[in-house]
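Open the model in your viewer and keep the selection tool at hand. This tour goes stop by stop.

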Amino acid sequence: MREKHRSRLLRSVVWSIGTALSFGLAHPAHAQLFTQYFPSDLPGYAPDMSSSVVQRQILENIHPGIMLGDFNFRPTMSQNEGYTTNILGQPNSGSAQIVTTGGIRANSMWGRDALGMSANVANTVNPELMQANTTTWSVSGGGSLALGEDSLTLGYSHSRQYLGATDLGNFGISYPVPYDTNDIRLGFTHNFGRFSITPSAVYDRFDFGQSSKGAIRNFSSLSHQLESALLTTRFEISKGNALISVMRATAAQFAPNAGGSLDDYADGAGFLGLDLRADSVIQYRALVGAETRQFTRVNSKGITTPTAELDIIWTPTPIDTITVTGRRGIFDPTSAFARNQVVSDIRIEADHELHQNLFIRGYAEAARTDSQSLSGDSPKRRQTQFRFGVIGTWMVNQYLTATLSYIHNSSYTKGGVPEVYDPLYGLTNRSTFTANTVTVGASFAL
């Protein structure tokens, strides 16, 4: 009976983590809004948190939580301290950083249906640059209802986030810019044996504010709402392996802004792919397709581009995992400069178990955004970032996990930048910055 309860608890935790990722509580590496153009809640695409050797150990040694009736509650908190050499993407903007987070997650322990919620808050203090302090939060809830062999899902999420100067594609930002998000999604999966079809609908709303310090800039012109309809099919070619297809249509409406234009657009995309998970040594999923975006309220050239997603998980030994992820697609505007951002990103990550409950993770990542300007006569802007990092994790016990990390980010931007004098390039319209971050932290399961 205890093993059965443990198995149900692990499935509940995985579902809860997957729900949080689907609802946008996880921050992507590059600066896009949380809407996922390749949704992680596609059938068969729920995050497999046990694939990495690190995540596998976390799930095997996870704190059991607190049972209240049919619900399992897992309160957590963490404290991280370190130093970042560049916060504002400009010289002399380094500071120590103190990040305090707290959260709670609750999940039902029912046999078929599921109900869950989570709430998180994170406060970042920069003692040498107090104007860049931020407090973010998020709350979400969702559930699934089994209808025979079919299922119905519904979720809602609200969050307060910030655009940061050193994130990919956030041009024209120095001090953090706040924005609020609201996300509602509804999906229904109908099974025909080995074939399933999932129609779903998503509503997103983004409300942007202004930077509170430095050169005050109002980013309310980025505020907009999105309505998306998706149709996903899955055909199981063998146990654990499937063919996937996705069709998506999106409409966006921007808030009116004085002296500006309404950048409303219609967007369509189609993808085909494979989801191969039967092999325990190497698993991968891939989607390839195309996306087009046309503006409906302004006389501006649209954009059509190939898009793709690739995820490979290779476990050559029981104590090693190598993960490769790649993305290319059109993302929502995250700066006053860009309304179309074609983002390409590839990341290689290696996890290794040094000793029981002691792990090391290393990664390298390259990302690029090509952004179309708001006015047709302005040049396009391209930004390229290279990142790498090393993270050590020590699972002291079920209640305490300690981490030590180093992260490097180098950024290069060309086009649409005011000309400045550079000692290496002379008078140039290119912009660069480098940031290094060292952090030590501890996470507690209460």
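The stops below follow paired strands and then a surface patch.

This is a predicted model, in which local features need pLDDT of at least 70, side-chain atom pairs count only at pLDDT 80 or more, and totals for chains, interfaces and linings use all residues. Residues are numbered from 1 along each chain as its sequence is written, and side-chain values use heavy atoms, with hydrogens and water left out.

**Stop one: β4 and β5.** Select residues 114-125, strand β4. Strands here are DSSP runs of E, at least two residues, numbered from the N terminus. β4 runs antiparallel to β5, and eleven bridges join them. Strands pair if DSSP finds at least two bridges between them. Now pick N123; its bridge partner in β5 is T135.

**Stop two: β5 and β6.** β5 also pairs with β6, antiparallel, over eleven bridges. Select V139 and look across to H158 in β6. Then go to the hairpin of these strands, with two residues between them. There G148 takes a positive phi near 70°.

**Stop three: the nonpolar patch.** Select L145, L147, L152, L154, Y156, I184 and L186. Together they form a surface patch with about 580 Å² of accessible area (Shrake-Rupley method, 1.4 Å probe, only the protein chains shown counting as cover). β5 (134-147), β6 (150-163) and β7 (177-192) each give two or more residues to the patch. Which strand gives the largest share? β6, with three residues.

**Last stop: L152.** Select L152 in β6. L152 is partly exposed, at 31% relative accessible area, between the cut-offs for buried (under 20%) and exposed (over 50%).

Notes
Patches are made of residues with over 30% relative accessible area and no salt bridge: like charges are joined within 9 Å, nonpolar side chains (Val, Leu, Ile, Met, Phe, Trp, Tyr) within 5 Å. A salt bridge is a side-chain nitrogen of Lys or Arg within 4 Å of a carboxyl oxygen of Asp or Glu. Helices (H or I, at least four residues) and strands (E, at least two) are DSSP runs, numbered from the N terminus. Buried means under 20% relative accessible area, exposed over 50%, partly exposed in between (1.4 Å probe, protein chains only).
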